[in-house]
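Q: I'm new to this one and would like to learn how to read it. Could you take me through it feature by feature?

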Amino acid sequence: MNNHEIDYTLYGDDMQFVEVELDPDETCIAEAGGLMMMEDNIKMETIFGDGSSSSSDGGIVGKLIGAGKRVVTGESLFMTTFTNEGSGKKRVSFASPYPGKIIPMDLSEINGKLICQKDAFLAAAKGVSIGVEFQRKMGTGFFGGEGFIMQKLEGDGMAFIHAGGTIHKKELEPGETLRVDTGCLAAMTGEVDYDVEFVGGVKTALFGGEGVFFVTLRGPGTVWIQTLPFSRLASRVFAAMPQEGGSKGEGSLAGSLFNNIFGGDRR
């Protein structure tokens with residue numbers, strides 16, 4: 001294996017966290033701000049890119065290219081590594097950013113590639129490459145809820161992604177088609193064909209309440225669907241906030257809740 005072999009345990013139901021067990025000298029990587037807790041003798045270090053062989057083989061240029069790819073997806077230039085420098089097993093935990101599920105992915109079991117929403121990645125074994133996936137069709141970029149650029153995880157180790165609400169895993173047979181709301185696609189294997197199509201019909205598009213476009217997925221492959229995209233959750237909370245001159249009833253309470261959740265200190 002090119003990736004470190006890490007063990008893990010999932011805890012919780014709707015607000016999960018994953019506990020990663022590291023043997024001596026094993027390392028995992030995570031997004032900045034995802035750490036929940038860690039035991040002693042674990043060294044935390046901020047690095048450019050993802051620390052995989054693909055970003056380090058080219059020296060400083062390779063690291064800059066890897067970090068630049070993350071900027072394109074809207075993420076930070078930096079990632080954080082956690083290395084066990086002790087003599088025994090040590091544990092580090094990463095928490096969900098909002099209500100939903102953490103999905104463990106063994107990349108060696110899905111042909112070494114996973115495509116997911118750009119903000120879905122939570123943590124992975126060191127060696128997993130985190131890059132960008134350019135969609136072939138321009139319509140996907142202009143109208144898709146996930147944008148023209150999605151995140152791509154490659155390697156043969158464990159990776160953990162997060163999605164909102166309940167997660168439904170569906171296996172698509174060759175040629176089988178599934179239409180999904182643009183925000184509800186959490187992840188898919190690399191062989192799934194992905195496109196964005198117009199809902200059809202002016203009345204449906206304007207008054208149907210489901211948006212103007214949906215995602216069309218064609219098998220073979222595996223897709224993971226989320227019931228509560230963060231954008232949908234945020235829009236409902238925002239809609240409940242009081243407008244200028246509004247009453248100080250439930251709307252005021254919702255506004256205060258929104259500020260406490262989304263306007264507080266961020267790591």
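A: Let's start with contacts: two residues are in contact when they have heavy atoms within 4.5 Å of each other. Before using that, know that this is a predicted model, where local features need pLDDT of at least 70, side-chain atom pairs count only at pLDDT 80 or more, and totals for chains, interfaces and linings use all residues. Residues are numbered from 1 along each chain as its sequence is written, and side-chain values use heavy atoms, with hydrogens and water left out.

Q: Which residues does Ile 161 touch, not counting residues up to four places away in sequence?
A: Ile 161 touches Lys 101, Ile 102, Ile 103, Met 105, Leu 114, Cys 116, Ala 120, Phe 121, Leu 122, Leu 153 and Ala 187.

Q: How many residues does the largest nonpolar core have?
A: The general idea is that in soluble globular proteins, nonpolar side chains tend to be buried together. A nonpolar core is a set of buried Ala, Val, Leu, Ile, Met, Phe, Trp, Tyr and Cys residues joined through side-chain atoms within 4.5 Å. Buried means under 20% relative accessible area, exposed means over 50%, and partly exposed is in between (1.4 Å probe, protein chains only). Here the largest core has 21 residues, and those with the most contacts inside it are Met 105, Leu 107, Leu 114, Phe 121, Leu 153, Ile 161 and Trp 224. Strand 8 (100–106), strand 9 (113–116), strand 10 (121–125), strand 13 (158–164) and strand 16 (185–189) each supply at least two residues of this core. Strand 13 gives the most, with 3 residues. Apart from this core lies another, of 17 residues, among them Val 18, Val 20, Leu 22 and Val 92.

Q: How many helices and strands are there in the protein chain?
A: Helices (H or I, at least four residues) and strands (E, at least two) are DSSP runs, numbered from the N terminus. The chain has 6 helices and 19 strands. Of its 267 residues, 46% are buried. Take the contacts between residues at least 6 apart in sequence: 77% of them join residues at least 24 apart.

Q: Where is Pro 229, and is it buried or exposed?
A: Look in the loop between strand 19 (221–226) and helix 5 (230–239) for Pro 229. Pro 229 counts as buried because its relative accessible area is 4%. Leaving out residues up to four places away in sequence, Pro 229 touches Gly 183 and Cys 184. Pro 229 and Gly 100 are 129 residues apart in sequence, yet 9.1 Å apart in space, C-alpha to C-alpha.

Q: How many aromatic pairs are found in the whole structure?
A: Rings of Phe, Tyr and Trp (its six-membered ring) pair if their centres lie within 6.5 Å; planes under 30 degrees apart count as stacked, over 60 as edge-to-face and the rest as tilted. The search finds 3 such pairs. One of them is Tyr 8 with Phe 160, edge-to-face, at 5.1 Å centre to centre and 75° between the planes. That pair links distant parts of the chain, with Tyr 8 in strand 1 (residues 7–11) and Phe 160 in strand 13, 152 residues apart. Tyr 8 is partly exposed at 34% relative accessible area, whereas Phe 160 is buried at 0%. Tyr 11 and Phe 17 also pair, this time stacked, with 4.9 Å centre to centre and 15° between the planes.

Q: How many disulfides does the structure hold?
A: A disulfide is a covalent bond between the sulfur atoms of two cysteines. The test is a pair of cysteine sulfur atoms within 2.5 Å, and this structure holds 0 disulfides. Among the cysteines, Cys 116 is buried at 0% relative accessibility, and Cys 184 is buried at 8%.

Q: Which residues other than glycine have a positive phi, and where is there a cis peptide bond?
A: Most residues other than glycine have a negative phi, and most peptide bonds are trans. Asp 25 has a positive phi of about 70°, and so does Asn 41, also about 70°. Asp 25 lies in the loop between strand 2 and strand 3 (27–30) and is exposed at 61%. A cis peptide bond joins Gly 219 and Pro 220, with omega about 15°.
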